[in-house]
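Hello,

Here is the structure I promised to pass on to you. Have a look at it first, and then read on for what turned up.

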Amino acid sequence: MSYRLIDLELSGPITPVPLESGQHGFGIVARWRGRPIGFHLEEWPAGALVGADELASIADRHFAEAVLAARVEDALPPSAAGDGRSGPTLSIAICTRNRAQRLARLLRSLDELRPEPSFAGVEIIVVDNGSTDDTKGAVARFAGARHVLERKAGLNFARNRALSEAKGDLIAFLDDDVVVDAGWLAGLVSAWRSRPDAGGFSGLVLPYRLQTEAQLLFERRGGFRRGFKRIEFRAGNYHNPLFPVGAGSVGAGCNMAFDRRLLLDLGGFDEALDTGAPLPGGGDLDIFYRVLRSGRAMVYEPRYAVHHEHRETLAELQRQYWSWGLGLMAFVAKSRRSDPELARRHRAMVAWWLGDQARAFLRSVRRSDLRGARFTLAETWGGVMGFAGEYERSRARVAAIAAEAS
Amino acid sequence: MNAPAAVRHVDLRRAEPAVPDAGLVLDIFWWGDLPVGSRTSIRAELPLGEGQLQAIAAELMAEQLAGREVALGAPLVAGNEGRPHAVLGVGRAAAFSHVAERLQSLSSRAPCDAGEVSLIICTRDRPEALGRCLVSLAHQQSLPGELIVVDNSAGGSARQVCSEFGQVTYVHEPEPGLSRARNAGVRRARGSILVFTDDDVEAHPGWLSEIVRTFGEHDVDCITGLVLPAALETEAQCEFQFTLGAFGGSFVPVLFDHRFFAETKPHGAQVWRIGAGANMAFRRRAFERAGLFDERLGAGASGCSEDSELWYRLLALGGSCLHEPRAVVLHHHRASWSALLDQMRVYMRGHVSALVAQADAFGDRACLKRIGWQLPRYFVRTGLKSLARGRGRRLRILLAEVRGWLEGLTYLVRPRWRRRRGEWPTL
């Protein structure tokens with residue numbers, strides 16, 4: 001079971017798209033003059049042709065308002081917030097381990113970006129978190145990328161290493177399982193221009209492909225999508241009294257950027273989160289939360305987009321949901337203690353989250369969606385483990401790793 | 001913090017105004033003279049900043065174009081819950097030309113002559129509020145042909161205030177009832193456009209001009225405008241605005257016609273979505289077509305909904321209403337908690353009585369279904385939700401609404417009241 005991904009440029013003529021025999025539908029990434037403005041999944045007979053008229057009518061139903069909004073945005077005088085400031089320098093940090101091929105794919109996509117004159121300079125740092133494959137060789141084939149070895153195993157060890165190696169005013173983090181969209185760099189510039197004093201930026205995460213049942217399921221369950229509107233986040237929100245606890249709505253760790261000096265002031269990433277196998281998550285929530293609590297804004301910009309290779313097997317996907325629960329609750333358990341001022345919001349978050357998981361479980365059961373129910377149980381179980389001392393266990397592990405390395 | 005909340009008016013074409021000293025801020029966004037949207041923020045989210053205002057402007061102005069440009073399918077027709085049906089297609093959105101010029105032309109328009117307008121204000125023992133209202137009317141870009149104040153108090157308490165303002169036609173209607181007062185105003189009026197507002201509002205300078213313009217552009221029987229909060233200084237006012245949604249009202253024009261009536265009639269024709277009596281205007285022909293206000297309804301009689309019952313009649317007889325948010329008044333919500341509870345009780349009682357009147361006159365059983373099924377379901381749901389979230393204030397309001405509903409039920413068993421079905425006063 002797979003879906004075809006269709007990149008649909010709405011400013012030009014629409015042409016028919018044939019589906020292959022194994023493709024039971026398609027996902028549309030709709031664009032206006034290159035800018036992503038919408039995403040939609042549609043079931044379709046396998047192997048059939050999707051006619052231009054049919055695509056146009058789907059586009060009318062789902063993307064017409066977004067086209068008009070994009071045109072209005074182009075017609076309005078641009079925000080002058082970032083004018084008069086010289087463009088920042090940018091460090092792009094990619095943390096990787098034993099994924100030479102995917103890393104090469106990402107570096108190729110970065111290579112294809114047009115140079116963005118608004119940035120005074122761009123460097124690429126690949127932090128190799130102890131790979132045993134040809135990661136070093138893959139980096140060497142790209143002239144603009146620098147290879148740095150970080151032996152301490154753990155994503156946030158690698159991210160902190162990138163932070164100390166980087167020179168840029170901004171530092172953008174990419175996971176090795178994404179490729180950047182053609183508008184990625186320009187999107188980051190426009191986000192920075194609209195709010196030059198922001199502490200961080202996050203972007204849209206689209207699917208790279210919908211080849212397997214697991215990838216399709218993940219996207220059907222919402223994926224990483226945070227919408228196609230630019231949003232600013234501050235340390236509170238009228239519509240979400242728990243915010244910024246559970247700052248997952250801000251974005252995802254596979255595509256985020258920060259003011260580098262702010263991250264250094266905040267002490268970098270929490271190395272006990274996102275440690276790889278034992279506690280693979282929570283690091284992004286934690287850093288978003290700390291940036292917001294420092295008083296600086298986070299900006300979500302859909303043009304700053306990547307395409308993410310989702311987990312390919314159902315077992316991997318189930319593990320991902322488990323790790324989301326684990327990461328979230330380990331983060332809540334940690335920051336409830338480190339930020340007593342918001343302890344009430346943390347407690348309320350735990351209660352809300354458990355209720356939400358229960359509702360999701362019942363919904364799946366009612367629809368006889370047993371797989372969905374299993375995913376929810378895995379996430380809940382992860383959450384229970386995360387809350388029951390996983391952060392302390394992780395700290396002990398991380399301390400041992402650090403001691404061994406020194 | 002001095003106040004629980006504040007209203008801030010933000011022109012999206014200009015720099016952001018200072019952040020008021022309040023815990024909550026309701027931003028009303030304008031594009032010049034055009035109101036385009038609103039947003040509530042807590043103090044920590046402000047100032048919004050230039051980039052965010054830019055994003056808000058793009059989104060809201062796209063909605064304005066879609067709702068106002070004939071080439072994009074305007075005017076939009078209301079459907080369920082008063083929400084407009086989307087008609088925009090990618091082809092039309094892509095081909096629409098001169099976007100920047102069209103946006104520019106939305107921001108302000110030359111005033112229209114309002115000589116044909118008879119402005120009718122009904123008041124009852126609120127001379128201070130009436131004075132504030134009359135002061136605001138002096139700043140209209142286009143003055144009405146005549147201004148009629150109908151004093152519904154027993155003792156004529158508004159006479160003194162009216163004498164301080166020139167050009168006011170004073171009418172004393174001592175028999176209590178807002179419908180009675182409004183009908184007295186209609187009978188006295190000479191203009192072809194009859195505009196109504198209440199004594200607790202202040203009018204935006206372009207208000208009457210926009211009403212006249214809209215009647216010139218659309219062949220509709222009635223126009224309703226936008227009712228925005230004048231201030232949010234007390235907890236009761238905040239509760240009415242933020243929790244109860246105040247008077248609602250879309251920021252894009254919406255047409256309520258036979259299509260809306262047919263679509264919503266099975267669920268009890270949602271005519272109350274059309275607007276509010278504090279900001280409505282009729283062509284004279286509307287009263288010739290449907291009769292005057294039902295004097296059994298309205299404040300001072302059964303409670304309220306004399307406005308929506310007249311809209312029901314108009315739509316049932318093939319007429320149409322247009323909500324045009326460009327015509328703006330600012331409303332002073334009830335300041336005290338007890339006044340708000342009383343208001344919500346009376347609103348619900350009036351709503352139920354209007355449903356009974358509609359069911360009697362037009363044999364519309366869906367109106368009775370709303371009384372016996374939809375409203376109790378709303379009470380149960382809101383009650384459970386408020387309990388779960390520990391929202392005591394919402395519960396108190398709900399209890400007032402339930403009381404109003406029970407009082408409203410008594411109209412079902414008042415044979416004399418119901419015998420007067422379908423007997424509306426005429427011009």
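This is a predicted model: local features need pLDDT of at least 70, side-chain atom pairs count only at pLDDT 80 or more; totals for chains, interfaces and linings use all residues.

Across the interface of chain B and chain A, one salt bridge is found, alongside 11 residue pairs in polar contact. On the side of chain B that touches chain A, helix 1 of chain B gives the largest share, with 12 residues. That side divides into 26 nonpolar, eight polar and three charged residues.

As for the contact as a whole, 37 residues come from chain B and 30 residues from chain A. Together the two chains bury about 2600 Å², with 63% of it on carbon and sulfur atoms. Within chain B, the residues that lose the most area to chain A are B:Gln54, B:Leu88 and B:Val90.

In one of them, A:Arg293 pairs with A:Asp339 at 2.7 Å between the closest N and O atoms. A:Arg293 sits in helix 8 of chain A and A:Asp339 in the loop between helix 9 and helix 10, so this pair ties together parts 46 residues apart in sequence. A:Arg293 is partly exposed at 28% relative accessibility, whereas A:Asp339 is buried at 11%.

In chain B, the side chains of B:Asp198 and B:Arg182 meet in a salt bridge of 3.0 Å, N to O. Both B:Asp198 and B:Arg182 are buried.

Enjoy exploring!

Note on methods. Residues are numbered from 1 along each chain as its sequence is written. Chains are lettered from A and ligands numbered from 1 in the order in which they are written. Side-chain values use heavy atoms; hydrogens and water are left out. Contact means heavy atoms within 4.5 Å. Buried area is the accessible area (1.4 Å probe) that two parts lose on being put together, summed over both. A salt bridge is a side-chain nitrogen of Lys or Arg within 4 Å of a carboxyl oxygen of Asp or Glu. A polar contact is a pair of N or O atoms within 3.5 Å; within protein, one must be able to donate a hydrogen and the other to accept it, and residues adjacent in sequence count only if both atoms are side-chain atoms. Helices (H or I, at least four residues) and strands (E, at least two) are DSSP runs, numbered from the N terminus. Ala, Val, Leu, Ile, Met, Phe, Trp, Tyr, Cys and Pro count as nonpolar, Asp, Glu, Lys and Arg as charged, and the others, Gly among them, as polar. Buried means under 20% relative accessible area, exposed over 50%, partly exposed in between (1.4 Å probe, protein chains only).
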